[in-house]
Amino acid sequence: MRVSLVKKIVGVYGYPIGHTLSPLFQNAAFKELGLNFIYLPFLVKPKDLKKAIEAVKALNMVGVNITVPYKRAVLPYLDELSPEASKIGAVNTIHHYRGKLIGYNTDGEGFINSLKEEGNFEPEGKNVYLLGAGGAAYGIAFSLIKAGIKSLALTNRTKEKGELLLKHLKKFSPQGCILRFIEFNKRNSATLLKEIDLLVNATSVGMNSDDPLLINFEIFSREIFVYDIVYNKDKKTRLIEAAEERKFPYLEGEKMLIYQGAISFEIWTKRKAPIEVMKRAIKEKNAKVSYGW
Ligand code: ATR
């Protein structure tokens, strides 16, 4: 790409940022559509976050993705939030539009779109078990509830954070949707595992190959769908290996990465994202473990 001809800059702010695969598939998509955009990774230290957000305006950038650990921290620096980002309380996409910085959250919608399109799984009416209560879990839980699930059981190593997410979700959940917190040391309760249809890992467990398997797959008495938002190009996570052993359908985190990125792409460019091109770009890359978007 001839940088001198590039007019529109987008990118991703995070700390750390070295593992991000977003530049790879976003730039492939811009090239495919002949768009004059470039997507760059930016390592932003916590003390510089405010200045980095102000730079989006100062440098006349089109926008940025926000990743770990800033999805909640950026909120005070934005001019507006989409209704969804405002309810979720986290932002992963900023659009610099008509002089304003507008915050969006595409994590949850990207998760649901990938679940339906890549996993052929319809969440409506289903019983879901969610592991984790970090930034990613907020968007995923919100979108699952919006998609009409029957129940959401949530567990998290740190009880306070799990209960905080649950409290947040209760504010906008329809009355029919059952929400409950499961103590982390009771996460393998047979009664619970026997009733779930979808298991989602939204913790960072699985990033390292020696990470433990959090769920005991021996207890499942029927097929469930497994979605691990962590992914590993060279080696499957233990959760995915366990799903494969039981011949359960599953999705790995790169699908969510691509689908959330596709929505960001559409916000910035107002063009339909070439999903197949994005998927191919990721497949061709000899990537190591990556997580966080
Ligand atoms: P993100 O924004 O990507 O979700 P995060 O906010 O740092 O990242 O959240 C990471 C999640 O993984 C949290 O739910 C965290 O649990 P805690 O709230 O107890 O920190 C979970 N997590 C990380 N390491 C874990 C481990 N070894 N065992 C269980 N849960 C873990």
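Visitor: How far is a polar side-chain atom of Arg-157 from an oxygen atom of the ligand?
Guide: The distance is 2.9 Å. Keep in mind that this is a predicted model.

Visitor: And what about Asn-156, how far is its polar side-chain atom from an oxygen atom of the ligand?
Guide: For Asn-156 the distance is 2.7 Å. Lys-161 also has a polar side-chain atom by a ligand oxygen, at 3.0 Å.

Visitor: How much of the ligand does the protein bury?
Guide: The protein buries 76% of the 640 Å² that the ligand exposes when taken alone.

Visitor: How many residues surround the ligand?
Guide: There are 15, and the closest are Ala-133, Asn-156, Arg-157, Thr-158 and Lys-161.

Visitor: What classes of residue are in that shell around the ligand?
Guide: Sorted by class, the shell has seven polar, six nonpolar and two charged residues.

Visitor: New topic, cavities. How many of 30 Å³ or more does the structure hold?
Guide: It holds two of them. The largest cavity has a volume of about 150 Å³.

Visitor: Which residues are closest to the centre of the largest cavity?
Guide: Val-205, Gly-206, Pro-212, Arg-238 and Leu-239 are the closest, out of 17 residues that line the largest cavity. By class, that lining has six nonpolar, six polar and five charged residues.

Visitor: Stepping back, what does the secondary structure come to?
Guide: The protein has ten helices and twelve strands.

Visitor: What does the C-alpha trace span along its principal axes?
Guide: It spans about 60 × 40 × 30 Å.

Visitor: How does the radius of gyration sit with a compact globule?
Guide: The protein has 293 residues, so a compact globule would have a radius of gyration near 19 Å. The protein has 19 Å, which agrees.

Visitor: Where do Pro-16 and Pro-69 lie?
Guide: Pro-16 is in the loop between strand 1 (8-14) and helix 1 (22-33). Pro-69 is in the loop between strand 3 (63-66) and strand 4 (80-81).

Visitor: You mentioned phi. Is the phi of Asn-60 positive or negative?
Guide: Asn-60 has a positive phi, about 55 degrees, although it is not a glycine. Asn-60 lies in the loop between helix 2 (49-58) and strand 3.

How values were computed
Residues are numbered from 1 along each chain as its sequence is written. This is a predicted model: local features need pLDDT of at least 70, side-chain atom pairs count only at pLDDT 80 or more; totals for chains, interfaces and linings use all residues. Side-chain values use heavy atoms; hydrogens and water are left out. A residue is near a molecule or strand if one of its heavy atoms lies within 4 Å of it. A polar contact is a pair of N or O atoms within 3.5 Å; within protein, one must be able to donate a hydrogen and the other to accept it, and residues adjacent in sequence count only if both atoms are side-chain atoms. Accessible areas come from the Shrake-Rupley method with a 1.4 Å probe; for residues, only the protein chains shown count as cover. Ala, Val, Leu, Ile, Met, Phe, Trp, Tyr, Cys and Pro count as nonpolar, Asp, Glu, Lys and Arg as charged, and the others, Gly among them, as polar. On a 1 Å grid over the protein atoms alone, a cavity is a set of points where a 1.4 Å probe fits but cannot get out, and a pocket is an open set with protein on both sides within 12 Å along at least five of seven lines; lining residues have an atom within 4 Å of a point. Grid points are joined across faces, edges and corners, and a volume is the space filled by probe spheres set on the points. Helices (H or I, at least four residues) and strands (E, at least two) are DSSP runs, numbered from the N terminus. The radius of gyration is taken over C-alpha atoms; the globule rule is 2.2 Å times the number of residues to the power 0.38.
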